[in-house]
Amino acid sequence: HEPAGIGRQEEAILVFSPDAKAAFEKERQALEAMGKTDVPHPGLKAVGDGVLVLVQRNLDGWNTRESLAKGLSKSQANGVADLAARLIRSKATADLNPDNTLWEHWRGHWAIKQGTGWKEGSVSDVLAQLWSWPGAVKDRGAFLSALRGRLGPDSEEWRRVLADGNPDVKSALSDMSRRDAARPPPAPLKFGAATRRPALSDAVVSPRE
């Protein structure tokens, strides 16, 4: 529920029917767990006292399926790798169906709308869902290269990516390796004395000058 006619709101209210206590508790626990991570989600601002109500941060953004149909912008495509990195760091996965995510354009990230799918998860649990978004990831090798940059090539999280046994992940890692090998070597660094630039000096000048 959002109040109508008074502009963008920072809060939203999620109301459960009286016979949905189990669903209420599951969502509350998921939001509390997500609140300990940096994964974008509605947040949990308050819990009803004796009533099945959750007060959340209001998600304000663009529909994922509509964004995918138009083609993702560079920021949105980068945001897919950002979301993957955040989930892998958290050792968790969620319901990443496009209907359960949206692009918060004011904040520049993909957010998960509901927490019911939140649970411990492997690398492939995350990547398989994001790679299924139509047209979101055109080059899986390049995507893993972007993910490596976010996680850090020497990080424990990246080692978990390398150790993941999913065939699709292994295939993407091979693509990334070929991509790395095809890149030209970096130019060698050269150091020398800098030329002196006397643009500023301590000479006293007249106010007119």
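Me: In which sense do β4 and strand β6 pair, and over how many bridges?

Reply: Please note at the outset that this is a predicted model. Strand β4 and strand β6 (residues 101-104) pair in the antiparallel sense, over 2 bridges. In this pairing, Trp-62 stands opposite Trp-103 in β6, and Asn-63 stands opposite Leu-102 in β6.

Me: What is the strand order of the open sheet that contains β4 and β6?

Reply: The open sheet has 3 strands in the order β4-β6-β7, with antiparallel pairing. At its edges stand β4 (62-63) and β7 (109-112); each has a single partner strand, so one side of each is left without a neighbour in the sheet. Helix α3 packs on this sheet and touches β4, β6 and β7, and the direction of α3 makes about 50° with that of β7.

Me: How many bridges pair β6 with β7, and how many residues lie between them in the hairpin?

Reply: The two strands pair in the antiparallel sense over 4 bridges. Glu-104 stands opposite His-109 in β7. The hairpin has 4 residues between β6 and β7, and Gly-108 in the turn has a positive phi of about 75°.

Me: Which residues lie on each face of β6, and are they buried or exposed?

Reply: A residue counts as buried when its relative accessible area is under 20%. Thr-101 and Trp-103 are on one side of β6, Leu-102 and Glu-104 are on the other, and all of them are buried. Both faces of β6 are therefore covered.

Me: Let us turn to the other sheet. What is the order of the strands in the sheet that contains β1, β2 and β3?

Reply: The order is β1-β3-β2, in an open sheet of 3 strands with antiparallel pairing. Strands β1 (11-15) and β2 are at the edges with a single partner strand each, so one side of each lacks a neighbour in the sheet. Helix α1 packs on this sheet, touching β1, β2 and β3, and its direction makes about 30° with that of β3.

Me: How many bridges join β1 to β3, and how many pair β2 with β3?

Reply: Strands β1 and β3 run antiparallel and are joined by 5 bridges; within β3, Val-53 is the bridge partner of Val-15. Strands β2 and β3 (residues 53-57) also pair in the antiparallel sense, over 2 bridges. Ala-46 stands opposite Val-55 in β3, and Val-47 stands opposite Leu-54 in β3. Strands β2 and β3 form a hairpin with 5 residues between them, where Gly-50 in the turn has a positive phi of about 85°.

Me: Why is β3 described as largely enclosed by the rest of the structure?

Reply: The description follows from burial: 4 of the 5 residues of β3 are buried, so the strand is largely enclosed by the rest of the structure.

Me: Where is His-41 found, and is this residue buried or exposed?

Reply: His-41 is found in the loop between α1 (21-34) and β2 (46-47). It counts as buried because its relative accessibility is 10%. Not counting residues up to four places away in sequence, His-41 touches Leu-31, Met-34, Gly-35, Arg-57, Leu-59, Ala-111 and Ile-112. The side chain of His-41 also reaches the backbone oxygen of Val-39 at 2.8 Å.

Me: At what angle do helix α5 and helix α7 pack?

Reply: Two packed helices are described by the angle between their axes and the distance between the axes. Here, α5 (residues 140-151) and α7 (residues 167-182) pack at about 85°, with their axes 7 Å apart. That angle makes α5 roughly perpendicular to α7. The residues of this contact divide into 6 nonpolar, 2 polar and 6 charged. Among them are Arg-140, Leu-144 and Arg-148 in α5, and Asp-168, Leu-173 and Met-176 in α7.

Me: What is the phi of Lys-91, and where does this residue lie?

Reply: Most residues other than glycine have a negative phi. Lys-91 has a positive phi near 55°, although it is a residue other than glycine. Its place is in the loop between α3 and β5 (92-93). With a relative accessible area of 47%, Lys-91 is partly exposed.

How values were computed: Residues are numbered from 1 along each chain as its sequence is written. This is a predicted model: local features need pLDDT of at least 70, side-chain atom pairs count only at pLDDT 80 or more; totals for chains, interfaces and linings use all residues. Side-chain values use heavy atoms; hydrogens and water are left out. Axes are lines fitted to C-alpha atoms, for helices over the stretch in contact, and angles run from 0 to 180 degrees between N-to-C directions. Angles under 35 degrees count as roughly parallel, over 145 as roughly antiparallel, 65 to 115 as roughly perpendicular and the rest as oblique. Contact means heavy atoms within 4.5 Å. Ala, Val, Leu, Ile, Met, Phe, Trp, Tyr, Cys and Pro count as nonpolar, Asp, Glu, Lys and Arg as charged, and the others, Gly among them, as polar. Two strands pair if DSSP finds at least two bridges between them. Buried means under 20% relative accessible area, exposed over 50%, partly exposed in between (1.4 Å probe, protein chains only). A polar contact is a pair of N or O atoms within 3.5 Å; within protein, one must be able to donate a hydrogen and the other to accept it, and residues adjacent in sequence count only if both atoms are side-chain atoms.
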